[in-house]
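Biologist: Please pick one part of this model and take me through it closely. Give me the cut-offs as you go.

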Amino acid sequence: GYARSADYANSVRDYEEVIASPGAQDSDFYLAAFNALYTEDYLKAEKWFNTVLKNGEENNETWFRSATLFYLSYINMELGNYDKALMFLDKLIEMESDGNLPLPEVGMCSGAKLRTEIESRKKN
């Protein structure tokens, strides 16, 4: 697939077809959202991550919850919604210790590092 060749735009288009189909899984929405992060299509990524979160709560699935909260925090920071970004980060920290996840142009990032960036942007 496209994602392996880092062609995120084509990958997002492919996932859009997958998630429009009746058999779409939470993992499809998650991967669509993750790829949308790398095309800086934050509104699509936010919508799809929110779908993952909502479906997970309805189905009592939690495998993706921490990563989804982390990415929703990052997306809201990028959109300038700093209080919302901090809210998602607080929910993440409530449920588990601070892990590291990859971010576009940042590489591996912890929740603590993300919080520092959000708070810094919020001040400026």
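Modeller: Start with Ala 32, which counts as buried because its relative accessibility is 0%. Buried means under 20% relative accessible area, exposed over 50%, and partly exposed in between, with a 1.4 Å probe and protein chains only. The model is predicted: local features need pLDDT of at least 70, side-chain atom pairs count only at pLDDT 80 or more, and totals for chains, interfaces and linings use all residues. Residues are numbered from 1 along each chain as its sequence is written, and side-chain values use heavy atoms, with hydrogens and water left out.

Ala 32 sits in helix 2. Helices (H or I, at least four residues) and strands (E, at least two) are DSSP runs, numbered from the N terminus. Ala 32 touches Val 12, Tyr 15, Ile 19 and Trp 48, leaving aside residues up to four places away in sequence. Contact here means heavy atoms within 4.5 Å. Asp 90 is 58 residues from Ala 32 in sequence, and their C-alpha atoms are 24 Å apart.

Now the whole element. Helix 2 covers residues 26–38, and its 13 residues should span 18 Å at 1.5 Å a residue. The expected span is 1.5 Å times one less than the number of residues. The end C-alpha atoms are 19 Å apart, which agrees. Of the 13 residues, 10 are buried. Among them are Phe 29, Tyr 30, Phe 34 and Leu 37. The buried residues pack against helix 1 (8–20), helix 3 (42–59), helix 4 (65–78) and strand 1 (100–103).

Take helix 3 next. Its axis is 8 Å from that of helix 2, and the two pack at about 155°. That makes the pair roughly antiparallel. The classes are: under 35 degrees roughly parallel, over 145 roughly antiparallel, 65 to 115 roughly perpendicular, the rest oblique. Axes are lines fitted to C-alpha atoms, for helices over the stretch in contact, and angles run from 0 to 180 degrees between N-to-C directions.

Last, the residue after the helix. Glu 40 follows helix 2 and has a positive phi, near 60°.
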